[in-house]
Each structure stands twice: as C-alpha cells, then as structure tokens.
Amino acid sequence: MVSTALLWRDERLKEIRQWQNACRYADFIDEAAIHQVLTENRRPSKRAVVDIVQKARDNATTGELLAPSDVAALAHVSDPDLWQAIFDTADWIKQTVYGNRIVLFAPLYVSSTCVNNCAYCGFRTTNAAVTRRTLAVSELQQEVKVLVNTGHKRLIMVYGESPDNDYRYICETVSGAYGVKEGAGEIRRANVNAPPLLVDEYRAVKTVGIGTYQVFQETYHRPTYQQVHPEGTLKGEYDWRLFSLHRAQEAGIDDVAIGVLFGLYDWRFELLGLLHHAMALEREFGVGPHTISYPRLEPAKNTPLATQSPWLVRDEDFCKIVAIIRLMCPYTGSILTAREPPRLRSEVIRKGGVSQMDAGSRIAVGGYSRMHEEHLPDRQQFLLSDTRSLDDFIGDLCQDGYLPSFCTAGYREGRTGANFMPLAKHATVKNFCIANGILSFEEYLQDYASSPVRQIGQQTVIPHYVRWLEQNVPPLAGKVRAHLSRMREQKQRDLHF
Amino acid sequence: MLSSPIKRLLEQRCKDLCDRLGLAQVYVTHAFGRRRHYLAGYGQPLPSQPEQMPLSPHLVVFWHGELSEQARESLKADLGKLTDFLEQQLVGHGRTDASSPTVENGSVVQP
C-alpha cells in the first residue's frame with residue numbers, strides 16, 4: 001500500500017513538474033519587492049493612515065483593491081486610535097457590502113490519507129501518531145446525515161492528497177453528499193478544499209456542481225514554503241500550488257478561494273502575498289477570490305512546529321490581520337473558523353468584518369458520527385478551539401444582533417464568477433444576502449432550532465431584518481413577507497431569491 | 001469555458017434581448033447539478049428572484065423583468081439559435097478545431 005502511494009506520488013510529481021516547466025503565467029510574488037514596500041511603509045504618518053482608511057471606505061462600492069503600499073502601511077500602524085478607526089471601517093465595509101449577516105457552514109473532513117509531509121500538519125505522512133482514514137461514500141453520507149439533522153446546508157469538504165482521494169474520489173463524494181435527503185433537509189452547496197489539480201481534472205470536478213474551490217498557499221514566502229514542505233513531495237512544488245486557482249479558472253471554475261496559514265512566516269508579508277494573489281486573479285480572469293481564509297497554526301498531535309514556530313500570531317495581531325484583509329479586498333467573503341476560541345471569534349467578527357463562519361464543527365475524519373466527543377486528537381489535523389453546537393452558536397449570534405444565514409441561493413441562480421463580482425463590488429449583493437438570510441434562517445428556526453433560539457429568532461431577529469428590507473429595499477420586503485407566510489402556513493422550503 | 005468571441009457574441013445577444021424585450025438583465029448559464037454556472041450576459045439584476053427557462057439539457061437562461069408568454073417564446077427562439085453551437089463548445093471545453101463552428105462578424109459559421 002505504501003509503495004503504491006509512493007509510486008503514485010512520483011508519477012504525479014512528474015506531471016506537476018511538466019506543468020511547471022510549461023507554465024505560461026508570470027510569477028506574481030516578488031519577495032524583494034514585498035520586503036521593500038514593507039520597509040518603506042514601516043512608519044506611516046497618521047495623515048497617511050487616515051487617507052488609506054478613507055480610500056478603503058470609497059473602495060467598498062467600487063470593488064477596488066488597496067495598493068500594496070497601503071496594506072504595508074496599515075500593517076505597521078501602532079496608534080490604538082487609528083486601530084479603532086481601522087476596526088470600525090472593517091465592520092462598516094462588511095455591513096455595506098454584505099449586510100449584518102453571517103453565513104454558516106460545516107467543515108467535513110473526508111480523507112486524511114496524504115502523501116505529503118508538511119511540517120505543521122497532523123496528517124503528514126511520517127506522523128505515526130495520527131490514524132489515517134478515507135471515508136467510503138456510504139460512511140460520508142452518514143456524516144452528512146448528522147450535519148443535515150442539525151440544520152446545516154453548506155459544507156466545505158476537505159481532502160488529503162493520495163491515490164485514494166484523487167479527483168474522481170472528489171467527484172464521487174461531492175455527488176454522495178448532494179444525494180443525502182433527510183426530511184426537509186439536504187446539503188445545497190458543497191465547497192471543496194482539496195489539493196491542486198490539472199485543468200482536465202478540475203473540469204471533471206466542476207461537473208458535479210461544486211460551490212467554491214479552495215487552495216491555500218499556506219505561505220507565500222518561498223524559503224519558508226520550501227522549509228515546511230519537503231522537496232520531493234507534491235506540496236513541495238511552490239509554483240504548482242501558486243497557480244492552482246489559475247488552472248481552476250482555466251477549467252471554468254470561477255468561484256475560487258485563497259488563504260494563508262498564519263504562523264509560518266511574518267504576517268505582514270503574508271498579507272501582501274494574499275493581495276498580490278487577488279490582483280493576479282483579477283488581472284488574468286477578471287474575477288478575484290470569492291473568499292479569503294486566514295487560519296492560524298494550531299496545536300496538532302506530535303507536531304512541534306505548530307507550537308514552536310517563531311512566527312506564531314498573537315490574538316491582538318490576528319484581529320489586525322482580519323481587519324486589514326477586509327479593507328484591502330472589500331468584495332471578498334471573509335472566513336473565520338472554529339480554530340479560534342469563542343471569545344476571540346466574537347471580537348473578530350466585529351473588528352474584522354467577518355462574513356462566513358463554521359459552527360458545530362468536528363474535524364476528525366468520521367468525527368460527526370461521534371458528535372458527543374469534541375476532540376479525537378489521534379484522527380485530527382489540529383485541535384479546534386470553538387466546539388459550541390450549531391444551535392448554541394446561532395443563539396450567541398442572535399444575542400449579538402447578527403442574522404445567521406444558510407443561504408445557498410447565489411450559485412443556484414447563476415450568480416457566480418463574473419456575474420457575482422459586480423454585485424459584491426458595487427455593494428448591492430447585500431439585498432440578496434439579507435433576503436435569503438432571513439428565509440434560510442426561518443427554515444432553520446422551524447425545522448431545527450431549540451425553543452430559546454426559535455423565540456429570539458422569530459420574535460426579534462427576523463422582524464428586525466424584515467424592517468431593514470422595508471427601509472432599504474421595499475420591493476423585496478413584500479416578497480420576503482409573502483415567502484415567510486408560505487413557509488409558516490404551507491411548510492414550503494428552499495424559497496429564495 | 002467559452003472562448004472570447006463566443007462570449008462576446010452571447011453578451012451581444014443578451015443585450016439585444018434586454019433592449020428589445022425591456023428586461024433589466026439576461027444571462028445564460030451552464031447547469032452542473034445544482035449549480036447554474038454563469039457563462040455570459042448583460043444588464044443589472046432587480047431585487048427579486050430571476051425567472052429562468054431551460055434552453056437545452058445543459059443550458060439555462062435567466063432574466064430579470066416581466067415577460068409575456070409570447071415574449072418568452074421569442075427569447076427562447078432567439079437564444080435557441082445559439083444553443084447547439086454552445087453545447088458543442090461546452091462539451092469540447094471551448095476548444096475549436098477545423099470541424100467546429102466559429103464566430104465571424106458576430107455570427108456563428110458552420111464548417
């Protein structure tokens with residue numbers, strides 16, 4: 001078995017290197033230039049920062065990105081008053097573009113077999129302390145049933161890299177997840193976090209109707225990248241990964257997502273890496289990243305780097321990172337995961353302008369079938385910090401005045417790629433977001449919520465956001481009220497705009 | 001993925017339909033399971049659910065605005081002229097060869 005995997009890896013590596021040798025894309029990560037812009041903007045004046053913050057506000061309705069020098073300057077701000085202005089602006093941009101809703105999803109770890117040996121990852125091939133598993137489709141469907149029965153409608157399906165979980169397996173498992181029906185519940189959008197593929201492989205994955213394809217570069221800093229991703233492994237090939245979403249776009253997958261694993265290298269450098277990645281995608285395809293993720297290194301079993309890296313990010317800096325991402329790329333979805341503890345998550349939602357979060361998460365392969373066990377360290381990539389149930393999490397969001405959303409309407413109504421971008425860039429997407437958030441939340445309240453959550457949801461949250469529609473998009477408010485009546489009186493489901 | 005000339009042709013058709021039928025937006029999508037994958041279109045959406053109509057096994061047209069039954073047929077007939085061509089393009093992933101139709105001067109040319 002091991003030798004089969006190694007043979008597969010070596011064959012795959014040949015294909016990857018062939019692609020890299022023929023790569024037609026220009027490198028967009030110029031390390032020297034990034035270091036230079038960071039150095040030049042080490043001590044920004046108060047006036048300069050105020051101007052950048054105003055520029056970010058202006059960009060919220062044009063979709064323009066901040067310049068690298070702007071991001072470098074923000075990353076060096078030390079004045080607490082200026083930071084407050086940045087946090088306020090991050091929240092304002094989020095409200096302006098998406099409204100006050102938080103889209104909810106669940107991670108679903110499908111396979112942990114992996115031929116890579118990444119120094120920070122619990123699933124690395126030489127880590128004997130973690131048990132590997134690749135779910136059969138029937139096992140995966142059991143996991144999905146558990147999630148559907150808690151009210152989830154959106155997944156991010158996470159895959160290792162091995163011959164057991166190639167693109168064909170991705171197709172089978174995504175189709176398997178979509179095939180689950182439990183009463184009125186089902187998965188309506190399956191996003192994918194999986195290894196980089198060849199163009200024809202992406203084309204195959206596209207045909208099963210995925211939502212977004214995520215590939216995180218982990219670190220944009222080449223020397224660090226090479227240090228933590230050993231030579232001779234598939235993930236050791238930096239350019240293959242850097243242009244993975246270019247290939248996805250070539251294949252017609254137009255909702256792509258980028259991210260960094262913060263803690264591997266200097267967070268200021270990584271922010272500029274993300275910005276240059278967004279700029280490169282826009283330049284080449286006219287469509288920027290659908291979402292940006294910013295996981296931090298978390299402890300994992302038998303993985304010392306995860307706790308000893310010299311670049312670990314403090315909570316205070318983490319808030320800054322999330323806020324700067326919101327200012328630099330106003331149209332993109334911003335994903336805050338349950339890696340972070342509840343108290344920090346509550347703080348970062350507001351300070352960072354977060355738009356999507358997971359809840360009720362388990363990250364062991366097969367972990368949802370053992371829902372009562374919060375952690376299964378010998379089966380997990382890392383340890384989660386927020387293990388609140390979906391219902392408890394939603395209750396907390398409601399208390400804080402947010403609209404929890406299970407919306408999956410956009411990609412089913414053709415609002416993808418170049419059709420989605422203008423809505424987000426011109427900040428009109430919030431009309432759909434709030435309306436669909438109300439309807440999808442009402443569905444949750446009727447079918448899955450505990451009594452206290454149903455009470456606050458139906459008596460406070462939904463009326464509040466219907467009033468918001470009445471004041472801001474009156475034609476939509478009437479239609480939403482009509483849909484709510486159909487849902488309550490005729491038990492209709494999946495009504496959306 | 002559509003090639004640029006085909007995308008432009010489709011955008012022009014959608015613009016013509018918006019002008020002729022008084023629609024706010026018309027766009028054509030490729031169906032993959034639940035996903036309606038945007039191919040090309042014209043206009044801005046209204047704050048409402050778009051109407052939709054299948055054009056072929058894989059293609060679905062969406063529009064924002066009011067359409068009479070007769071206007072729907074007109075829209076379907078207009079885009080229907082491109083449907084076979086688009087299906088061929090999409091099955092061939094946008095690659096063209098000597099046996100594929102092409103776009104010249106805003107029209108589809110069969111080989």
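1. Helices (H or I, at least four residues) and strands (E, at least two) here are DSSP runs, numbered from the N terminus. By that count chain B has two helices and six strands, in the order α-β-β-β-β-α-β-β from the N terminus on.

2. Some housekeeping: this is a predicted model, where local features need pLDDT of at least 70, side-chain atom pairs count only at pLDDT 80 or more, and totals for chains, interfaces and linings use all residues. Residues are numbered from 1 along each chain as its sequence is written, and chains are lettered from A and ligands numbered from 1 in the order in which they are written.

3. More on chain B: 32% of its 111 residues count as buried (20 or more other C-beta atoms within 10 Å of the residue's own, with C-beta atoms placed from the backbone; exposed is 12 or fewer, partly exposed in between). Take its contacts (C-beta atoms, placed from the backbone, within 7 Å) with a separation of 6 or more: 50% of them join residues 24 or more positions apart.

4. Now the A–B interface, where 24 residues of chain A contact 17 residues of chain B. On the chain A side, the elements giving two or more residues are helix 8 (199–206), helix 17 (409–412), helix 18 (417–425) and helix 21 (474–489). That side has eight nonpolar, nine polar and seven charged residues (nonpolar: Ala, Val, Leu, Ile, Met, Phe, Trp, Tyr, Cys and Pro; charged: Asp, Glu, Lys and Arg; polar: the others, Gly among them).

5. Chain A is assigned domain 1 (2–29 + 90–388) and domain 2 (427–489), with bounds from an automatic or database domain assignment. Their centres, taken over C-alpha atoms, are 30 Å apart, and 10 residues of domain 1 contact 10 residues of domain 2.

6. Helix 19 (residues 429–447) of chain A is worth a look. Its 19 residues should span 27 Å at 1.5 Å a residue, and its end C-alpha atoms are 27 Å apart, so the two agree (expected span: 1.5 Å times one less than the number of residues). Of those 19 residues, 17 are buried.

7. Which residues have the most contacts inside the largest nonpolar core? In this core of 158 residues they are A:Val71, A:Leu74, A:Met157, A:Ile321, A:Val322, A:Ile324 and A:Leu327. A nonpolar core means buried Ala, Val, Leu, Ile, Met, Phe, Trp, Tyr and Cys residues joined through C-beta atoms within 7 Å. Helix 19 of chain A gives the largest share, 10 residues. A second, separate core of 22 residues includes B:Leu9, B:Leu10, B:Leu23 and B:Val26.

Methods:
Contact = placed C-beta atoms within 7 Å.
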